[in-house]
Amino acid sequence: MKIGLPQGLLYHRYQVLWQVFLRELGFEVISSPPTNPAILARGMADAISECCLPAKICLGHVQSLLGNCDYILLPRFDNTGPDREFCERCRGIYDVARHTYREAPLVDYNLQAKGGPGEKQAFLDLAGTLGQSHWASRRAYKAARAAQEDFTEQKIRDQEQLLHERGLKILLAGQPYLCHDPYITGPIRRLVKEEGGRILYSDYFPLAACRQASQDLSPRLYWTLNQEILGAILLNRRNLSGAILLTAYPCSANALANEMALRKIKDLPMIHLVLDGLEGEAGLETRIESFMDLLQGARN
């Protein structure tokens, strides 16, 4: 049996966890292709205009898997614990996709650690839906959780080393589905590297510490991913040269959190980029070149 994973939204955070779990149960796992113009165009055509860019991209990835697998895993994320809420797109993308692509063989995975099944139970329920035994599912979850933790810890160690090396270090501050999508932020990363900068990612730091640090900026900041982004800036700003704040149009949570960062964090140079899916790079190139020139001047 073949299970498809759309490369959208929280895939960029939990792909190892999902892939290892399914493979341990004996399933063949395929991922949709990396985001490209065709996938983006499909998602934009099928989504309502009010959808944010990452949700449109995710729909394009779901559509690209139709007819290529037996099931598609598109998790419904509510929260991962008290005060660790995910945005409405992560909660609702399953239902949006189910009603947009009625022929899509979506399989249920519902994560609601506060007031519902926790991560482990959500995986056991998923495996039961796929006809797997309870004990095989428990073993698969244990292996998958260990693999995800090893992957995450290695990323944190590698980035911690980079953080203390010399050179221009630029933090890409945004949700994983923005920072790691090759089509959406690939040009940003390329331009920074061409200007002599090295990229760090806001989700490759100890996230519990980042969430705690964000309370110094705002104890009422709601969404857990925004807490982690702002906390990463606060904890590491003395070792960074600058930060690029990312907002996916028309995400109000990102817009609010990034405006807060620009107003309240005064000891780190930052620019704010709004990503809308348009393909022209001229304006982006000008802004990043200017930003990097300023950082080079301050360094000299």
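Start your tour by selecting helices α5 and α6, whose crossing is right-handed (a crossing is right-handed if the near helix is turned clockwise from the far one by less than a right angle, and left-handed if anticlockwise). Before you go further, know that this is a predicted model, in which local features need pLDDT of at least 70 and side-chain atom pairs count only at pLDDT 80 or more, while totals for chains, interfaces and linings use all residues. Residues are numbered from 1 along each chain as its sequence is written, and side-chain values use heavy atoms, with hydrogens and water left out.

**Stop 1: α5 and α6**

Select residues 119-129 for α5 and 134-163 for α6. Helices here are DSSP runs of H or I with at least four residues, strands are runs of E with at least two, and both are numbered from the N terminus. The two axes come within 9 Å and cross at roughly 130°; axes are lines fitted to C-alpha atoms, for helices over the stretch in contact, and angles run from 0 to 180 degrees between N-to-C directions. α5 and α6 are therefore oblique to each other. The naming goes like this: under 35 degrees is roughly parallel, over 145 roughly antiparallel, 65 to 115 roughly perpendicular, and the rest oblique.

Now show the side chains where they meet. From α5 come Glu119, Lys120, Phe123, Leu124 and Ala127, and from α6 come His134, Ser137, Arg138, Tyr141 and Arg145. Contact means heavy atoms within 4.5 Å. Sorted by class, that gives four nonpolar, two polar and four charged residues (Ala, Val, Leu, Ile, Met, Phe, Trp, Tyr, Cys and Pro count as nonpolar, Asp, Glu, Lys and Arg as charged, and the others, Gly among them, as polar).

**Stop 2: an open sheet**

Next, pick out β2, β1, β3 and β5: in that order, these four strands form an open sheet with parallel pairing. β2 (28-31) and β5 (106-107) stand at the edges with a single partner strand each, so one side of each has no neighbour in the sheet. Two strands pair if DSSP finds at least two bridges between them. Zoom in on β3 (residues 71-73), which runs parallel to β5 and is joined to it by two bridges. Which residue of β5 is the bridge partner of Ile72? Click on Leu106.

**Stop 3: around α1**

Go to the loop between β1 (2-5) and α1 (11-24) and select Leu9. Its phi is near 50°, a positive value in a residue other than glycine. Is Leu9 buried or exposed? At 6% relative accessibility, Leu9 counts as buried; buried means under 20% relative accessible area, exposed over 50%, and partly exposed in between, with a 1.4 Å probe and protein chains only.

Then move into helix α1 itself and find Gln19. Gln19 is buried too, at 14% relative accessibility. Setting aside residues up to four places away in sequence, Gln19 touches Leu5, Tyr11, Val29 and Ser31.

**Stop 4**

Select α2 (residues 37-46) together with α3: they pack at about 110°, with their axes 7 Å apart. That makes α2 roughly perpendicular to α3. Residues making the contact include Ile39, Leu40 and Met44 of α2, and Leu53, Ile57 and Leu59 of α3. By class, the contact has six nonpolar, five polar and three charged residues.

Keep going to the loop between α3 (53-65) and β3, where you'll find Gly67. At 78% relative accessibility, Gly67 counts as exposed.

**Stop 5**

Colour β7 (residues 168-173) and β8, which run parallel and are joined by five bridges. Leu172 has Tyr201 in β8 as its bridge partner. In β8 (residues 197-201), four of the five residues are buried. Helix α8 (residues 186-194) has buried residues as well, including Pro187, Ile188 and Leu191. Just after α8, Gly196 takes a positive phi of about 90°.

**Stop 6**

Select α9 (residues 207-214) and α10 (residues 224-236), whose axes come within 7 Å and cross at roughly 85°. They are therefore roughly perpendicular to each other.

Finish in α11 (residues 252-264) with Asn258, which is buried at a relative accessible area of 2%. Leaving aside neighbours within four places in sequence, Asn258 is in contact with Leu245, Leu246, Thr247 and His272.
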